[in-house]
Amino acid sequence: GRDLLGIEGLIASEITGLLDLAEEFVELNRQVEKKRTTLRGRTQINLFFEASTRTQSSFEIAGKRLGADVMNMSVGSSSVKKGETLVDTAITLNAMHPDILVVRHHASGAVALLARKVDCCVVNAGDGAHEHPTQALLDALTIRRNKGRIQGLTVAICGDVLHSRVARSNIILLHTLGAKVRVVAPSTLLPSGIESLGVEVFRTMEAGLDGADIVMMLRLQRERMAGSFIPSVKEYFHYFGLDEAKLRRAAPDALVMHPGPMNRGVEIDSAVADGPRSLIREQVEMGVAVRMAVLDTLARKLPNA
Ligand code: CP
């Protein structure tokens with residue numbers, strides 16, 4: 001369709017098509033001259049109601065490398081602070097004739113709601129605990145480049161699954177491409193009914209990491225927890241933090257991922273995060289290429305493209 005609101009609903013060939021196109025942009029991004037003209041004359045607005053380092057900056061770089069005029073809305077100093085609603089903000093920006101809106105919001109479903117109110121393409125850059133589709137795409141690209149495939153791999157997604165849009169988008173994408181997905185978390189950080197997504201559930205790292213090809217750690221999202229439910233960081237790290245001892249349970253050639261931002265010493269030990277098995281920096285590089293692939297694909301569907 002006109003928007004990218006989630007991985008849910010995409011078929012395998014659409015996902016691999018985006019990954020194949022992103023491979024071309026990985027090569028382009030390593031050259032001195034990085035610019036293309038697919039989005040020349042187009043206007044892209046990044047509208048982030050939640051903090052971001054990786055997603056917002058890579059969407060800005062991606063849009064500029066494709067030739068778009070990119071505007072970053074500063075929500076903190078916008079009229080949202082005066083009580084203007086999400087929908088009124090969207091309608092206001094829509095009147096300026098943007099071609100692409102990239103939106104992050106703290107409420108699940110907010111980006112889909114906004115998409116119904118505007119005429120342009122909308123890309124979900126993360127909505128509540130629902131979806132973060134470009135994160136799952138960049139993770140898949142990183143896995144495919146390092147393992148040569150997705151099909152048949154065992155991926156263990158570990159930690160705060162309850163609050164994680166990254167986990168949800170990854171589970172859907174990895175299943176669509178034929179991987180086996182495990183989730184590893186204490187019961188308090190698992191959404192009820194998670195089994196209905198077809199994952200195997202483990203409540204200890206020792207069991208959940210056994211023989212895994214990919215160990216994907218999640219940030220403990222303490223800002224989304226009510227006071228008394230925040231676990232002790234020391235205890236959490238002891239049971240669920242990834243260190244070298246726990247990683248030894250995984251396959252001998254297992255690789256480690258984290259979407260960022262990391263809480264070092266909470267869900268991941270620095271020795272692992274910065275160690276030879278870590279793909280964390282490569283994930284960031286793939287983020288720019290994947291976002292270029294998404295913007296390029298959507299741009300080709302714009303009127304007069
Ligand atoms: N992984 C991710 O979405 O990071 P940011 O919150 O920094 O964009």
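Mentor: His97 is not a glycine, yet its phi is positive, at about 60°. Please keep in mind that this is a predicted model, in which local features need pLDDT of at least 70 and side-chain atom pairs count only at pLDDT 80 or more, while totals for chains, interfaces and linings use all residues. Residues are numbered from 1 along each chain as its sequence is written, and side-chain values use heavy atoms, with hydrogens and water left out.

Stepping back, the protein chain has 11 helices and nine strands, and its C-alpha atoms fill a box of roughly 55 × 45 × 35 Å along the principal axes.

Now to the ligand. Around it (a heavy atom within 4 Å) are Ser52, Thr53, Arg54, Thr55, Arg104, His132, Gln135, Pro259 and Gly260. By type, this shell has one nonpolar, six polar and two charged residues; here Ala, Val, Leu, Ile, Met, Phe, Trp, Tyr, Cys and Pro are nonpolar, Asp, Glu, Lys and Arg charged, and the others, Gly among them, polar.

A backbone N or O atom of Thr53 is 2.7 Å from a ligand oxygen. Pro259 places a backbone N or O atom 2.9 Å from a ligand nitrogen, and a polar backbone atom of Gly260 is 3.1 Å from a nitrogen of the ligand. The protein buries 93% of the 250 Å² that the ligand exposes when taken alone (accessible areas by the Shrake-Rupley method with a 1.4 Å probe).

Pro261 sits in the loop between β9 (255–257) and α10 (270–273).

Notes: Polar contact = N/O pair within 3.5 Å; in protein donor to acceptor, adjacent residues only side chain to side chain. Helix = DSSP H or I, 4+ residues; strand = E, 2+ residues; numbered from the N terminus.
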